[in-house]
Amino acid sequence: MAFAHTLLVIDHLPYLRVIAQGLEMHLLERTNESERAELAEVAALREANENLYIRVIKEGVASGDFRNVDAKLAAKPLLGALNWTSRWYQPREGETQANKKKLAQSIADFVTAGLEARH
């Protein structure tokens, strides 16, 4: 999930940057009624995505694959790290899809390592 999420951010960078700016404007109450309606749809999608992560983390805790964490709390920094990719990532000249996948895997491995059960 974390890999696919990060790769999506990398592959759709301009769109996700605009969405992030829109959500910031929404939080600062600097949007009109039409923009608020559209951003409410985006916020609902984000919430559904977050709930998916919460469910998977809960399942991982229950199975013993993840350490005992508060799934709702753990999802916040995990998603924050994945989504922050849209802020710092810059496509590089000659970068291939394989390069992007390697980067996405490195990020996914990093953020999920904090959930892994220590045996």
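User: Hi! At what angle do the axes of helix 1 and helix 4 cross, and within what distance do they come?

Analyst: Hello! In this predicted model, the axes of helix 1 and helix 4 (residues 71–88) cross at roughly 20° and come within 8 Å. That makes helix 1 roughly parallel to helix 4, because angles under 35 degrees count that way.

User: Thanks. Which residues of helix 1 and helix 4 meet?

Analyst: From helix 1 you have Ala2, His5, Thr6, Val9 and Ile10, and they meet Leu79, Leu82, Asn83, Thr85 and Ser86 of helix 4. By class, that contact divides into five nonpolar, five polar and no charged residues.

User: And the crossing of helix 1 and helix 4, left-handed or right-handed?

Analyst: The crossing of those two, helix 1 and helix 4, is right-handed.

User: Let me zoom in on Val9. Is Val9 buried or exposed?

Analyst: Val9, which sits in helix 1, counts as buried because its relative accessibility is 3%, and the cut-off is under 20%.

User: What is Val9 in contact with, leaving aside neighbours within four places in sequence?

Analyst: With those neighbours set aside, Val9 is in contact with Leu16, Leu82, Asn83, Thr85 and Ser86.

User: Nice. How about Leu79, buried or exposed?

Analyst: Leu79 is in helix 4, and at 8% relative accessibility Leu79 counts as buried. Leaving aside neighbours within four places in sequence, Leu79 is in contact with His5, Asn49, Glu50 and Tyr53. The C-alpha atoms of Leu79 and His5 are separated by 9.0 Å, and these two residues are 74 apart along the chain.

User: How much of the protein counts as buried?

Analyst: Of the 119 residues, 32% count as buried. On contacts, take pairs of residues at least 6 apart in sequence: 69% of those contacts join residues at least 24 apart.

User: Back to packing. At what angle do helix 1 and helix 5 pack?

Analyst: Helix 1 (residues 2–11) and helix 5 (residues 97–113) pack at about 135°, and their axes are 8 Å apart. That makes helix 1 oblique to helix 5. Their crossing is right-handed.

User: What classes of residue make up the contact of helix 1 with helix 5?

Analyst: It has nine nonpolar, four polar and three charged residues. On the helix 1 side are Ala2, Phe3, Thr6, Leu7, Ile10 and Asp11. They meet a list in helix 5 that includes Lys100, Lys101, Leu103, Ala104, Ile107 and Val111.

User: One pair left on my list. How do the axes of helix 4 and helix 5 cross?

Analyst: The axes of helix 4 and helix 5 cross at roughly 150° and come within 9 Å. That makes helix 4 roughly antiparallel to helix 5, because the angle is over 145 degrees. Helix 4 passes helix 5 in a right-handed crossing. The contact is made by Leu78, Ala81, Leu82, Thr85 and Trp88 of helix 4, with Leu103, Ile107 and Val111 of helix 5. Those residues divide into seven nonpolar, one polar and no charged.

User: Last thing before I use this. What is the mean pLDDT of the protein?

Analyst: The mean pLDDT is 88, and 85% of the residues reach 70 or more.

User: Which elements have the lowest and the highest mean pLDDT?

Analyst: Helix 2 (residues 13–27) has the lowest, at 67, and helix 5 has the highest, at 97. Where pLDDT is low, the predicted coordinates should not be read in detail.

Key
Residues are numbered from 1 along each chain as its sequence is written. This is a predicted model: local features need pLDDT of at least 70, side-chain atom pairs count only at pLDDT 80 or more; totals for chains, interfaces and linings use all residues. Side-chain values use heavy atoms; hydrogens and water are left out. Axes are lines fitted to C-alpha atoms, for helices over the stretch in contact, and angles run from 0 to 180 degrees between N-to-C directions. Helices (H or I, at least four residues) and strands (E, at least two) are DSSP runs, numbered from the N terminus. Angles under 35 degrees count as roughly parallel, over 145 as roughly antiparallel, 65 to 115 as roughly perpendicular and the rest as oblique. A crossing is left-handed if the near helix is turned anticlockwise from the far one by less than a right angle, and right-handed if clockwise. Contact means heavy atoms within 4.5 Å. Ala, Val, Leu, Ile, Met, Phe, Trp, Tyr, Cys and Pro count as nonpolar, Asp, Glu, Lys and Arg as charged, and the others, Gly among them, as polar. pLDDT is the predictor's confidence in each residue, from 0 to 100. Buried means under 20% relative accessible area, exposed over 50%, partly exposed in between (1.4 Å probe, protein chains only).
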